[in-house]
Amino acid sequence: MAEPKPHHSGGGCFSKLAFLILLGVAIALGTAIYHALQPQDLSDLKSPTPATKVLPVRDMKEVLKNAIDRGFPLTLQEAEINQWLGRTLLTHQGGLLEEKVTLDRVWIRFEEGRAEIIMERRFLGHPFTVSMFVQVERLEGPQGTFTEIELQGGPYHSDFPKPPRGGRFGKLVVPQGFLLLVMPAYEKLASQFSSEIDLGLREMSKIQIKKGCIILDPRELLGQQGMPQNF
């Protein structure tokens with residue numbers, strides 16, 4: 001009498017499929033972690049140019065206050081702000097250092113319509129970077145115009161506006177929600193420059209971020225295209 005043939009269930013195929021899915025997730029996660037640990041390229045900000053070498057050494061707070069008091073528009077170049085941050089941060093580093101994490105520099109990169117605030121840090125001697133995208137919009141409210149600072153750099157794709165891009169961990173662009181991990185460090189940084197932030201953002205009537213520069217105008221948007229108010 002012939003022996004019955006063993007019955008093979010489909011569990012083997014399902015197990016292989018599940019394994020392949022988990023393997024793909026693990027590879028994607030490993031790749032993301034690798035890129036997050038690689039500092040982003042800052043050569044475009046660090047490389048000196050002939051124009052950078054002749055930039056004046058100015059007190060940013062006084063420059064902003066003078067533009068507001070006299071009522072004239074002000075254009076600040078990316079390179080000048082980065083030079084100022086490099087000089088000024090040395091006097092504020094005490095409250096920003098952790099036992100094993102050091103803050104080497106803060107950089108600003110201006111792109112069309114947004115700014116990227118970059119922290120160049122070291123953990124146990126290994127360099128890494130984190131950054132936050134910032135967009136600035138002037139809105140009308142019941143009590144007049146006000147400035148809204150959006151901590152995002154726009155959607156990943158025009159057809160999928162959510163979630164927006166929040167910044168970069170190393171070379172990896174991360175969603176806005178990931179900024180919660182670095183928000184305390186940025187809040188400490190902002191507290192060191194609260195006067196400059198108030199003068200440069202909240203006291204300005206018009207703010208334009210362009211590639212390589214930011215244009216600030218303290219004049220009211222309507223009827224102020226002639227001479228400065230206090231000229």
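A nonpolar core is a set of buried Ala, Val, Leu, Ile, Met, Phe, Trp, Tyr and Cys residues joined through side-chain atoms within 4.5 Å. Buried stands for under 20% relative accessible area, exposed for over 50%, and partly exposed for what lies in between, with a 1.4 Å probe and protein chains only.

This is a predicted model, in which local features need pLDDT of at least 70 and side-chain atom pairs count only at pLDDT 80 or more, while totals for chains, interfaces and linings use all residues. Residues are numbered from 1 along each chain as its sequence is written, and side-chain values use heavy atoms, with hydrogens and water left out.

**Stop 1: the whole protein**

Show the protein as a cartoon. It has seven helices and 10 strands; these are DSSP runs numbered from the N terminus, with helices being H or I of at least four residues and strands E of at least two. Of the 231 residues, 35% are buried. The protein exposes about 14600 Å², and carbon and sulfur atoms supply 61% of that. Such areas come from the Shrake-Rupley method with a 1.4 Å probe; for residues, only the protein chains shown count as cover. A contact means heavy atoms within 4.5 Å. Among contacts with a separation of 6 or more, 53% are between residues 24 or more positions apart.

**Stop 2: the core**

Select L64, L76, I81, M119 and I214. Within the largest nonpolar core, which has 36 residues, these five touch the most other members. In soluble globular proteins, nonpolar side chains tend to be buried together.

Now centre on M119. Leaving aside residues up to four places away in sequence, M119 touches L103, R105, V106, F128, T129, V130, A185, Y186 and L189.

**Stop 3: helix α5**

Select residues 78-88, which form helix α5. Which residues of α5 are buried? They are E78, E80, I81, N82, W84, L85, G86 and T88. To see what they pack against, show helices α2 (43-46), α4 (60-70) and α7 (194-202), together with strands β1 (74-77), β2 (101-111) and β10 (213-217).

**Stop 4: salt bridges**

Side chains of opposite charge can pair when their charged atoms come close. Here a salt bridge is a side-chain nitrogen of Lys or Arg within 4 Å of a carboxyl oxygen of Asp or Glu. By this rule the count is 10.

Select D44 and R109. Their closest N and O atoms are 3.0 Å apart in a salt bridge. D44 belongs to helix α2 and R109 to strand β2, so this pair ties together parts that are 65 residues apart in sequence. D44 is partly exposed at 45% relative accessible area, whereas R109 is buried at 8%.

Next select K46 and E120, whose side chains meet in a salt bridge of 2.8 Å, N to O. Because K46 lies in helix α2 and E120 in strand β3 (residues 114-123), the pair ties together parts that are 74 residues apart in sequence. K46 is partly exposed at 43%; E120 is buried at 13%.

An α-helix has 3.6 residues a turn, so residues three or four places apart point the same way. D198 is partly exposed at 35%, as is R202 at 48%.

**Stop 5: a network**

E116 is in strand β3, and R168 is in strand β7 (residues 160-169). Is E116 buried or exposed? E116 is buried, with a relative accessible area of 0%. R168 is also buried, at 19%.

Polar contacts are pairs of N or O atoms within 3.5 Å; within protein, one must be able to donate a hydrogen and the other to accept it, and residues adjacent in sequence count only if both atoms are side-chain atoms. The side chains of R168 and E116 are joined by one of 2.8 Å. Another, of 2.6 Å, joins the side chains of E116 and S131.

**Stop 6: a surface patch**

Finish on the outside with F19, L20, L23 and I27. These form a nonpolar patch on the surface, with about 410 Å² of accessible area together. Patches are made of residues with over 30% relative accessible area and no salt bridge; like charges are joined within 9 Å, and nonpolar side chains (Val, Leu, Ile, Met, Phe, Trp, Tyr) within 5 Å. F19 sits in helix α1 (residues 11-37) and counts as exposed at 52% relative accessibility.
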